[in-house]
Amino acid sequence: MTMLSDTTTAPAPYYSQGLRARFNIDRVRLEQADVDARLNGGKCADIEYEVDEAKYRARSTARVKAGGLPTSVPDGWPTKLSGPLVWTSNSFPSEDEYVYHLTPSDKTEILAALTFFKSHNLDSQKVTKYLFPLPDLGPILSGICNNIYLGKGFYIVRGLDPDDYPLADLTAIYLGLSSYVASRRGRQDQRGSMLIHVMQRGDQSAESTLHDSIYSSDKPFHTDTVTDTLCLFTQELASSGGRSTFASAWTVYNELAATRPDLIHTLASPDWPFDTYGRDPPFYRRALMYFHDHRLITSFSRRLLVGHAPFTPRSKAIPGLTEAQAEALDAVHFIAKKHEIKPRMERGDIRFVNNLGLLHRREAFENVQGSKPRHLVRIWLNNDEGMCWNLPRPLRLAWARVFDDDFEEEGSDKRGRYWDYAPLRHPVTGRVLNTGGSCD
């Protein structure tokens, strides 16, 4: 009798063997199984990726009317945060407060640094601040680093012209400049993509047309899930719209503490289910907000919590959000939108964002046919020289998976590192494959 072979493919592991042992993940998963079963059996809230204000207002009204909500912040949490990270849209009367304009002498120094780096015959991704010496501009960039981690949390370096350099040189330049803010660069997906090209896919297929409709509406506020400094290099602008906006999570917290402290309890609860999209485990749970080492840390991707149908719908048979979680997630968005700042964008901008203390989103935009599409290059940075904030254990695990796994992975667990200086395109359709949007 002929036996049929089992062709079922096991899900790819989300955590490497090394990380599972280092963080004792399998034991923790067993301890959480009863909670996961409870969440699966509960009624899920009706919430989607696109923010529905009417649903949010109705949900908020119903929950407040029902009563029984906590009236103070969690024990040990502050009733009000203070410091340079507490700001609103009116806090910066001039963009000079957060934009550094490269001078002619800066650009000359950058060219000299590029020449020095190229003399070593290394690929662009091998650049470090020691191989990209900037005796005068370097201290300024180090000051920007201080501003990112200890100040208002964002800065823009302006003045590069992407047309002035071959692509490999341009990549070495923006990586070289960013290395003065944070030197470690992380994998941004399961493949191991180190540079993500945030842009439309660019072909005329039905799938691409559907995907590109993402850009016709504003994006909800979120953080990139795993990085302390988010770096965005602006290679091309949209024909209209497409600004990246920022808001202080510390300001959002203060408003919640004053008006709806119960939502802080919800955001700080470690039972939010993050989708791993078909990997093993199929989801993991942690909080969205932490008060750790005297700092507020906010970390979440809305897509990983509710999916983004029809593009990346939420996986089946994993817990959905509760009514309290749905309200809290939308509340963060609407409070952040009230206090957001909308900096101008120019080609060649390098944007640095404290991804632990700030939220960001992208406005709707349009690319006119025949013009170059909006194109940002995203880099996940980690400063391991004492500037990155101390992280709670769940985030230490996430950071280790993105920044440390060269030392943790073995055999089939091992991911590559792919440095795609240009968008990776399908050989037949020309569709851009590494468009980003994922924060996992």
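**Notebook: a walk through the predicted model**

I started at Pro84, which sits in the loop between α3 and β1. My helices (H or I, at least four residues) and strands (E, at least two) are DSSP runs, numbered from the N terminus. I looked up the partners of Pro84 beyond four places in sequence and found Leu150, Gly151 and Lys152 in contact, where contact means heavy atoms within 4.5 Å. I also noted Trp250: 166 residues separate Pro84 from Trp250 in sequence, and the C-alpha to C-alpha distance is 9.6 Å.

**Ground rules**

I am working with a predicted model, in which local features need pLDDT of at least 70 and side-chain atom pairs count only at pLDDT 80 or more, while totals for chains, interfaces and linings use all residues. I number residues from 1 along each chain as its sequence is written, and side-chain values use heavy atoms, with hydrogens and water left out.

**Confidence**

I checked pLDDT, the predictor's confidence in each residue, from 0 to 100. The chain averages 89, and 86% of the residues score at least 70.

**The chain as a whole**

I counted 12 helices and 15 strands. Of the 440 residues, 55% are buried; buried means under 20% relative accessible area, exposed over 50%, and partly exposed in between (1.4 Å probe, protein chains only). Among contacts with a separation of 6 or more, 82% join residues 24 or more positions apart.

**Aromatic pairs**

I paired rings of Phe, Tyr and Trp (its six-membered ring) if their centres lie within 6.5 Å; planes under 30 degrees apart count as stacked, over 60 as edge-to-face and the rest as tilted. The count comes to 14 aromatic pairs. Trp87 and Phe92 make an edge-to-face pair, 5.4 Å centre to centre with 65° between the planes. Both partners are buried: Trp87 has a relative accessible area of 2% and Phe92 one of 13%. Next I looked at Tyr98 and Phe154, a tilted pair at 5.2 Å centre to centre and 45° between the planes. Tyr98 lies in the loop between α3 (53–66) and β1 (99–101) and Phe154 in strand β2 (residues 154–158), so this pair ties together parts 56 residues apart in sequence. Tyr98 is buried at 7% relative accessibility, and Phe154 is buried at 0%. I then saw that Trp87, Phe92, Tyr98, Phe154 and Phe246 form one aromatic cluster.

**Charges over rings**

For a charge over a ring I asked for NZ of Lys or CZ of Arg within 6 Å of the ring centre and within 35 degrees of the ring normal. Arg57 lies over the face of Phe334, 5.2 Å from the ring centre.

**The α4–α5 loop**

I found Gln125 in the loop between α4 (104–118) and α5 (137–150). Gln125 counts as buried because its relative accessibility is 16%. Its side chain joins that of Tyr421 through a polar contact of 2.4 Å. I took a polar contact as a pair of N or O atoms within 3.5 Å; within protein, one must be able to donate a hydrogen and the other to accept it, and residues adjacent in sequence count only if both atoms are side-chain atoms. Beyond four places in sequence, Gln125 contacts Leu175, Arg185, Trp419 and Tyr421.

Lys129 is found in the loop between α4 and α5 as well. Leaving out residues up to four places away, Lys129 touches Ser179, Tyr180 and Glu385.

A nonpolar core is a set of buried Ala, Val, Leu, Ile, Met, Phe, Trp, Tyr and Cys residues joined through side-chain atoms within 4.5 Å. In the largest one, with 117 residues, Phe132 and Leu177 touch the most other members. Helix α11 gives the largest share of this core, 8 residues. The contacts of Phe132 include Ile110, Phe117, Ala172 and Leu177.

Last, I asked why helix α9 (residues 261–268) is largely enclosed by the rest of the structure. I found that 6 of its 8 residues are buried. The buried residues of α9 pack against α3, α8 (249–259), β8 (272–275), β10 (289–292) and α11 (323–339).
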